[in-house]
Amino acid sequence: MKSRGALFEILIVAILFLSAGLVSAKAKEDIVFATALPMESELFKAAQVLLGIISERMGENIKLIFIPGKRSAVLLKSNEIHAELARVGEYQNKVPFALKVAEPIIEASHYAYSIKHDFRVAGWGSLKPYRSVSLRGTWIVEVFMAEHNVTYVDSMLSAFQFLKSGRSDIWVTSNLRAEPFFDSVNVDKSDIKRLEPAIHTSREFTYFAKEYPDLAKRYEQALISMKKDGSYQKILSQLNM
């Protein structure tokens, strides 16, 4: 029969072994990034490739999931997701509790698309006379078109159908969402015009929940390294950007 001392030693070893296993499991936990990009879009797939390379350089597992914009802001505040992949710089005013990564993830331009109208765009104010449709959770539109007649819908396809049916005069969205949508969905877009110039061009940034400053710093370092070695540009070139 084993002595109490020997049994105690076995118990301690077992506890240490289990503790080590829990630490290891925690280290391998997915880092969850949210985006409002449709999962079937080429842009979503490109973002997965980008985050895959960043994952390797960070030594972490990053998982990209689709969550509508407004919902992701709530989840970021409650630390239920680690980060939002791409938001405009002005988004910091809405989420002052979040950590904005200084290095931009992408540059995006917002355009007005129309069927019935063809005019030269001169900023947000030039859109006020028209009925507009935009994707729900597009914070920059919600801010700069707060006093406009805007209907918000839950998907790019819904926005497209809203415009085609004549229920809106213009559709406001970014080139990063519109171009992949037109390329990937079998819809008749022949009568849709992109009005020039862009309403607004801005750089977009990744926002981390405040609990993850170390992850944010390492993520930024990996992103910068990708831009320096050309791997970032290679991904964009595959999207003709």
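How do the residues of the lining of the largest cavity divide into nonpolar, polar and charged? The lining comprises 21 nonpolar, seven polar and five charged residues, where Ala, Val, Leu, Ile, Met, Phe, Trp, Tyr, Cys and Pro count as nonpolar, Asp, Glu, Lys and Arg as charged, and the others, Gly among them, as polar.

## Basis of the model

The model is predicted, and local features need pLDDT of at least 70, side-chain atom pairs count only at pLDDT 80 or more, and totals for chains, interfaces and linings use all residues. Residues are numbered from 1 along each chain as its sequence is written, and side-chain values use heavy atoms, with hydrogens and water left out.

## Overall architecture

The protein chain contains eight helices and nine strands; helices (H or I, at least four residues) and strands (E, at least two) are DSSP runs, numbered from the N terminus. Of its 241 residues, 45% count as buried. Buried means under 20% relative accessible area, exposed over 50%, and partly exposed in between, with a 1.4 Å probe and protein chains only.

The chain exposes about 13000 Å², of which carbon and sulfur atoms supply 55%. Accessible areas come from the Shrake-Rupley method with a 1.4 Å probe, and for residues only the protein chains shown count as cover. Among contacts (heavy atoms within 4.5 Å) between residues at least 6 apart in sequence, 73% join residues at least 24 apart.

## The largest cavity

The structure holds one cavity of 30 Å³ or more, and about 560 Å³ of space lies in the largest cavity. On a 1 Å grid over the protein atoms alone, a cavity is a set of points where a 1.4 Å probe fits but cannot get out, whereas a pocket is an open set with protein on both sides within 12 Å along at least five of seven lines; lining residues have an atom within 4 Å of a point. Grid points are joined across faces, edges and corners, and a volume is the space filled by probe spheres set on the points.

The largest cavity is lined by 33 residues, and L37, A86, I106, L176 and E204 lie nearest its centre. At least two lining residues come from each of β1, α2 (42-58), α3, β3, β5 (106-114), α4 (139-144), α6 (175-184) and α8 (231-237). Strand β3 supplies the largest share, five residues.

## The largest pocket

The largest pocket has a volume of about 340 Å³. Its lining consists of 25 residues, of which A36, P38, D154, S155 and M156 lie nearest the centre. By class, 15 of the lining residues are nonpolar, four polar and six charged.

Helices α3, α5 (156-164) and α6 each supply at least two residues of this lining. Helix α6 gives the most, with five residues.

In helix α3 (residues 69-77), the buried residues are G69, S72, A73, L75 and L76. They cover an arc of only 165° around the axis, which puts them on the same side of α3; the arc is that of the directions from the helix axis to the C-beta atoms. Their cover includes β1 (31-35), β3 (83-88) and β9 (193-208).

In α6, the buried residues are N175, L176, A178, P180, F181 and F182. Among the elements that cover them are α2, β5, α5, β8 (170-174) and β9.

## Backbone features

N79, in the loop between α3 and β3, has a positive phi of about 65° although it is not a glycine. N79 counts as partly exposed, at 25% relative accessibility.

The peptide bond from E196 to P197 is cis, with omega near -10°. P197 lies in strand β9.

## Individual residues and their contacts

I53 belongs to helix α2 and is partly exposed, with a relative accessible area of 22%. Not counting residues up to four places away in sequence, I53 touches M226 and I235. I53 and Y232 are 179 residues apart in sequence and 9.3 Å apart in space, C-alpha to C-alpha.

T138 is located in the loop between β6 (132-135) and α4. At 8% relative accessibility, T138 counts as buried. Leaving aside residues up to four places away in sequence, T138 touches H110 and R177.
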